[in-house]
Amino acid sequence: MQRILFSVLLFSTYCFSQQADSLDINQSKITDSVKIVNKQEIKTKMIDDVVITGTIKPISKSKSPVAVEIYSQKFFQKNPTPNIFEAISMVNGVKPQLNCSVCNTGDIHINGLEGPYTMILIDGMPIVSSLSTVYGLSGIPNSLIDRIEVVKGPASSLYGSEAMGGVINIITKNALAAPKLSVDLMTTTWSENNLDLSTKFNLGKKAASLLSLNYFNYTKRFDENKDNFTDAALQNRISVFNKWNFQRKENWQASFALRYLYEDRFGGEMQWNKSYRGSNEVYGESIYTNRIEAFGVYQWPLKENIVTQLSYNFHDQNSFYGANPFTATQKVAFAQTYWDKKLGNHDLIVGFTFKKTFYDDNTPGTLSADGLTNSPMKSPIFGAFIQDQWEINEKNMLLVGYRFDYDKIHHAVHSPRFAWKFSPNPYHTLRFNFGTGFRVVNLFTEDHAALTGSREVVIKSSLKPEKSINGNINYVWKIPVGDRLINLDASAFYTYFSNKIVGNFDTDPEKIIYDNLHGYGISRGISMNLDYNFTFPLGVNIGVTYLDVYQRFDGENEKSQQLHAPKWSGTYNLSYKLKNNLTIDFTGQFYGPMRLPVLPNDYRPEYSPFYSLANIQVSKSFKSGYVVYAGIKNLFNFTPKDPLMRPFDPFDRYVDDPVNNPYHYTFDTTYGYAPMQKIRGFLGVKYILK
């Protein structure tokens with residue numbers, strides 16, 4: 001496969017050079033003829049979005065040496081969802097993964113890598129991390145989104161720990177440009193009710209505030225597969241968001257935002273009620289979450305471009321998994337200041353960061369070495385980075401970066417970065433990125449095994465940070481077809497992981513031993529996105545990803561495929577616009593077989609079947625500002641088979657029954673790989689007052 005990719009890249013480079021020469025001669029002639037054919041159409045097609053995630057500062061997407069994918073709020077409205085976690089499934093190569101079939105915990109995978117390797121940013125700041133990746137993601141409403149930027153591959157040279165697999169940056173709306181009033185109300189035939197309400201008010205001419213409320217209520221119990229467990233976790237959630245933007249001279253940045261989230265979540269046996277919370281009579285997983293976020297940015301009123309970013313989040317969780325309690329508190333403070341200086345053709349950025357994480361829970365993971373006293377994790381990390389973006393000429397741009405972090409456990413961590421962009425003309429762009437990533441140890445775990453009994457926590461004194469080395473080649477080809485363009489975006493990537501940190505629960509039943517994996521991991525593959533708007537009112541967007549993600553242990557020849565990482569996956573999006581502002585959207589994702597966490601002698605297949613989750617929506621917009629939409633989710637009515645092991649014995653009372661349970665199966669919730677919600681309809685109405 002590597003030889004094929006290498007040959008393709010060589011051929012592409014040759015074609016670039018040949019076509020560049022010919023286009024250099026005739027470029028003005030081609031451009032003039034295109035403008036004459038349809039000036040407005042080409043103008044629309046060649047609009048250049050501004051991105052910030054790849055280089056930390058605003059830059060046009062075409063000039064960015066780092067491949068950044070942009071998804072607007074309108075893109076996600078083609079398949080309306082109540083939160084980011086569900087919406088992000090529309091992005092090719094990004095998979096929201098459910099890790100528990102009862103309480104629906106989840107994380108976001110990029111290119112097959114597990115959730116801890118994905119950094120979630122809000123307005124460029126690490127608001128979502130560790131504890132909040134489990135339940136906090138479903139609490140981010142789509143109403144906050146202006147756009148989402150996705151960078152696939154390690155980005156630790158800019159963002160530090162946790163950015164090993166990629167970065168998802170959620171850019172919230174600017175209060176200065178937000179509509180005066182926005183209302184969006186949606187319900188489904190499964191009684192999922194979602195309300196988004198936002199309003200803007202001005203304070204003089206130079207300040208504006210956006211106040212947004214999201215309320216999601218899903219309390220009706222469904223058990224379509226007849227296992228006596230809820231098919232989807234019930235949720236009662238409220239999120240309040242307030243953002244201030246200030247208009248200053250020289251367009252200096254200044255904004256501040258606050259968000260509060262409360263959620264009451266439950267999944268379990270159908271007869272459960274809150275009187276059984278924490279008991280061993282009826283099984284239920286009940287989670288109360290309180291979360292506060294604050295973040296802001298301020299550009300100093302100086303001749304030099306100096307920007308400071310600050311964020312803080314507090315996350316409190318009170319939960320029971322059956323009879324096992326899990327209480328946890330996390331506080332994360334972040335500060336970053338960087339200086340952006342233009343020196344000729346060089347754009348230099350120098351920055352300093354500080355991040356401090358406090359984490360405490362009631363599990364053995366935060367006990368002292370002697371197991372007698374509580375020992376919360378207090379992890380300060382200091383960092384400094386430098387980046388030089390050099391515009392060599394109109395066709396070539398080079399980016400070189402380096403970051404230094406100091407952690408009290410791992411001490412010095414180095415993260416270099418290199419990127420090169422070659423664009424011979426507006427129709428072809430080739431990007432090559434090389435970088436490293438790292439992740440420091442985090443003792444947080446929600447593994448149910450960690451909640452049983454007291455264990456001594458052992459951290460190897462020689463523990464090293466997880467590291468990754470990544471190479472990525474991205475090719476963008478804009479293909480003129482008449483007066484329109486086919487946009488082709490293809491990537492090939494290869495990542496090597498070392499020092500993976502794992503918690504060993506098996507070697508000693510009285511200990512949790514944190515140590516580096518003795519072996520290595522590989523994530524490699526190719527992906528392609530294609531979109532085209534036909535001359536008739538049909539737009540098509542298709543994405544396909546091939547993955548090979550595995551680990552190989554020292555002394556073993558067999559490689560272990562990564563769980564929940566399908567070899568083939570993809571997305572599709574077809575939009576047809578009829579007369580009278582009527583639009584039909586057909587969207588979905590497909591997944592090939594993926595390895596699943598089976599038990600010893602498990603009767604369930606180790607690999608999932610090929611499946612697709614499809615949706616269809618019909619929407620109509622009115623001049624008055626109203627939009628009415630309706631449709632069907634999970635059109636093919638797919639749900640996993642046997643997501644729970646022994647749902648009739650969730651407290652494992654009869655595990656040792658030699659007649660009815662000869663293989664000693666235990667209650668297990670991790671096999672589910674897709675939502676259990678069957679086909680269902682939805683109906684919604686929106687109103688926007690500009």
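Here are some friendly notes on the predicted model shown above.

1. **Ground rules.** Because this is a predicted model, local features need pLDDT of at least 70 and side-chain atom pairs count only at pLDDT 80 or more, while totals for chains, interfaces and linings use all residues. Residues are numbered from 1 along each chain as its sequence is written, and side-chain values use heavy atoms, with hydrogens and water left out.

2. **Overall make-up.** The protein has 5 helices and 35 strands; these are DSSP runs numbered from the N terminus, with helices being H or I of at least four residues and strands E of at least two. Of its 690 residues, 55% are buried, where buried means under 20% relative accessible area, exposed over 50%, and partly exposed in between (1.4 Å probe, protein chains only). The accessible surface comes to about 30,700 Å², and 59% of that belongs to carbon and sulfur atoms; areas come from the Shrake-Rupley method with a 1.4 Å probe, and for residues only the protein chains shown count as cover. Among contacts (heavy atoms within 4.5 Å) between residues at least 6 apart in sequence, 65% join residues at least 24 apart.

3. **A nonpolar patch.** Phe-201, Leu-211, Tyr-215, Ile-238, Val-240, Tyr-260 and Ile-292 make a nonpolar surface patch of about 540 Å². Patches are made of residues with over 30% relative accessible area and no salt bridge, with like charges joined within 9 Å and nonpolar side chains (Val, Leu, Ile, Met, Phe, Trp, Tyr) within 5 Å; a salt bridge is a side-chain nitrogen of Lys or Arg within 4 Å of a carboxyl oxygen of Asp or Glu. Strands S12 (207-218) and S13 (234-246) each supply at least two residues of the patch. Ile-292 sits in strand S15 (residues 284-299) and is partly exposed, because its relative accessible area is 41%.

4. **Lys-274 and its partners.** In the loop between strand S14 (254-268) and S15 you will find Lys-274, which counts as partly exposed because its relative accessibility is 49%. Leaving aside neighbours within four places in sequence, Lys-274 is in contact with Asp-264 and Tyr-288. The side chains of Lys-274 and Asp-264 are joined by a polar contact of 2.6 Å; the term means a pair of N or O atoms within 3.5 Å, where within protein one must be able to donate a hydrogen and the other to accept it, and residues adjacent in sequence count only if both atoms are side-chain atoms. Also in S14 is Glu-263, which is buried because its relative accessible area is 2%. The side chain of Glu-263 makes a polar contact of 3.1 Å with that of Arg-265.

5. **Pairing around S31.** Strand S31 (residues 568-578) pairs with S29 (residues 538-553) in the antiparallel sense over 9 bridges, and with S32 (residues 582-591), also antiparallel, over 10 bridges. Two strands pair if DSSP finds at least two bridges between them. Thr-545 stands opposite Ser-569, and Leu-574 has Phe-586 as its bridge partner in S32. S31 and S32 form a hairpin with 3 residues between them, and Asn-580 in the turn has a positive phi of about 65°.

6. **Two further positive phi values.** Asp-123, not a glycine, has a phi near 55°; it lies in the loop between S6 (118-122) and S7 (125-128) and is buried, because its relative accessible area is 17%. Asn-634 has a positive phi of about 55°, lies in the loop between S34 (626-633) and S35 (680-689), and is buried at 4% relative accessible area.
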